[in-house]
Amino acid sequence: LQGIFVLGLPYALLHSGYSGLFLIILAAALCCYTGKILIACLYEENEAGQLVRVRDTYEDIANACCRKLSPRLGGIVVNVTQVMELLMTCVLYLVVSGNFLSHSFPYVPVTEKTWSVIAFVTLLPCVFIKTLKTVSKLSQLCSLVHFIIILVVMTYCLTQIHQWSWAKFRLSIKFEDFLISVGVIIFSYTSQIFLPTLEGSMKNPEEFRCMLNWTHFLACVLKTTFALTAFLTWGEETKEVITDNLPSFLQTLVNLCLLTKALLSYPLPFFAATEVVFACISRGNHAIYRSPLFALGVRGSFLLLTLLMAMFIPHFALLMGLTGSVTGAAMTFLLPSLFHLKLKWKKLSFLEKCADISVFLLGFLSSLAGTVCSIKGLLEVFG
């Protein structure tokens, strides 16, 4: 919930003004809500009226909803969408790692692509990750590095408090710029892909809803505080990645921290994606599909694929934006609300149905607007 997208929030405020602050809060509430209804779809009541976990994955939920059309249609759609988004996320981490290394050592005669290969070498041990517990330990270190970055930026901002002025906020905004801000803010909260696995791995799954409330509340407070202090410091000069506004003596330190964060962030989407791919392949009865060597081969192939995509896909940022607009909105808003309506329709109150329909419509509009803006950007680049 506190990913690299957070560094773009001050820039989002630049283009959204006061409405951006409201959006940060609204996005937290909506993403928390869709996370809860997604997990609710994993459970059904037994004859005694007790909730029992009858599904394990996002795929199982999709298959249950599409059973009348095709037993596996929903699962195929969800798996393709999940793997696309996770794959692009992994590639993005490799690309930004090369970028951070290039900016940290500008006097070394090495291209960004070569730096990406060097970063890739440090990620090779990922092929040996077998459990979410290992990933969680790396994510803890990632969170620690993230807070160091936030602390450095906010400490510098507080030293400039004498320059702060609320007049820097815009009252009038351009609609297209506002849509860009919406995308940055919403996708800084997305975590639905990981939630079924996370809830299933918890020692006390009954505490999941409480955990979701607290994490989204704290993420909202941190995002709002960070975005506000950074924007009040630089105002109209706020750059797309706020660390680019820092003085040169701090930029190298922060870039190295960002590099560490990117490398520590890679294992989570990598693990999630390879688990989905391996689960799809290993459904066959052949013993080789369940062998440790085969699993190692799947992880190694996926790791290599992310490197090749990072090296050879042109205009990756725009393609990432297009993929995120389609898959991110689908996994975060469209599918959770649609699945919840389908599986729980008879048990939902009128207000709950209205809430699900509203979230679905909002997700559809966000996805449509983001897709149009991304395609427009691609057309401009390719002439």
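Student: Trp214: buried or exposed?

Tutor: Trp214 is exposed, at 52% relative accessible area (buried is under 20%, exposed over 50%, partly exposed in between, with a 1.4 Å probe and protein chains only). This is a predicted model, where local features need pLDDT of at least 70, side-chain atom pairs count only at pLDDT 80 or more, and totals for chains, interfaces and linings use all residues. Residues are numbered from 1 along each chain as its sequence is written, and side-chain values use heavy atoms, leaving out hydrogens and water.

Student: OK, and which aromatic pair is Trp214 in?

Tutor: Trp214 pairs edge-to-face with Phe217, 6.1 Å centre to centre and 85 degrees between the planes. Rings of Phe, Tyr and Trp (its six-membered ring) pair when their centres lie within 6.5 Å; planes under 30 degrees apart are stacked, over 60 edge-to-face, the rest tilted.

Student: Where do those two lie?

Tutor: Both are in helix H9 (residues 208-234), 3 residues apart, or about one turn. A helix here is a DSSP run of H or I, at least four residues, numbered from the N terminus. Phe217 is partly exposed, at 48%.

Student: New topic: at what angle do H5 and H12 pack?

Tutor: H5 (residues 112-122) and H12 (residues 292-312) pack at about 165 degrees, axes 10 Å apart. Axes are lines fitted to C-alpha atoms over the stretch in contact, and angles run from 0 to 180 degrees between N-to-C directions.

Student: Which residues make the contact?

Tutor: From H5, Lys113, Ser116, Val117 and Phe120; from H12, Leu303, Leu304, Leu307 and Met311. Contact means heavy atoms within 4.5 Å.
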